[in-house]
Amino acid sequence: MPHIIPITDLRDTNKITELCATNEPVFVTKNGYGSLVLMSMQAYEESLDAPYVFEGLRQVQEGKTTDGEKFLKERLAKYE
């Protein structure tokens, strides 16, 4: 379940740290409207990796793969 807090709650840094430790985003509102999203460093780093994982899966599904051994042999030959 998402955490939604008013911006004034940002004063309590211990509470914010605990909320972010769940790896779920914390939505911060200002005057009743969405203003910020906070998350742990781990959750942020995982969110950065996600597009690359999905792109890799898409390429596999489309058959856009190369044999690893063949690829390495070609690269070694190119740079020898």
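Biologist: What does it take for two strands to pair in this predicted model?

Modeller: The model is predicted, and pairing is read from DSSP bridges. Two strands pair if DSSP finds, between them, at least two bridges.

Biologist: Which residue in E3 stands opposite Lys30?

Modeller: Strand E3 covers residues 33-38 and pairs with E2 in the antiparallel sense, over five bridges. Within E3, the residue opposite Lys30 is Tyr33.

Biologist: Which residue in the turn of the E2 and E3 hairpin has a positive phi?

Modeller: The hairpin leaves two residues between E2 and E3. In that turn, a positive phi of about 55° belongs to Asn31.

Biologist: Is the β-α-β unit of E1, H1 and E2 right-handed or left-handed?

Modeller: The unit is made of strand E1, helix H1 and strand E2. H1 covers 13-20 and E2 covers 26-30. The unit is right-handed.

Biologist: Which element gives the most to the largest nonpolar core?

Modeller: That core has six residues: Ile5, Ile16, Leu19, Cys20, Val26 and Val28. The elements giving two or more residues are H1 and E2. With three residues, the one that gives the most is H1.

Biologist: Which residues does Leu19 touch, leaving out those up to four places away in sequence?

Modeller: Leu19 is one of the core residues. With those sequence neighbours left out, Leu19 touches His3, Ile5, Glu24 and Val26.

Definitions and conventions
Residues numbered from 1 in each chain as written. Predicted model: local features only at pLDDT ≥ 70, side-chain atom pairs only at ≥ 80, totals over all residues. Heavy atoms only, no water. Core = buried A, V, L, I, M, F, W, Y, C linked by side-chain atoms within 4.5 Å. Buried < 20%, exposed > 50% of the residue type's maximum accessible area, 1.4 Å probe, protein only. Helix = DSSP H or I, 4+ residues; strand = E, 2+ residues; numbered from the N terminus. Contact = heavy atoms within 4.5 Å. Right-handed = clockwise from strand over helix to strand, strands pointing away.
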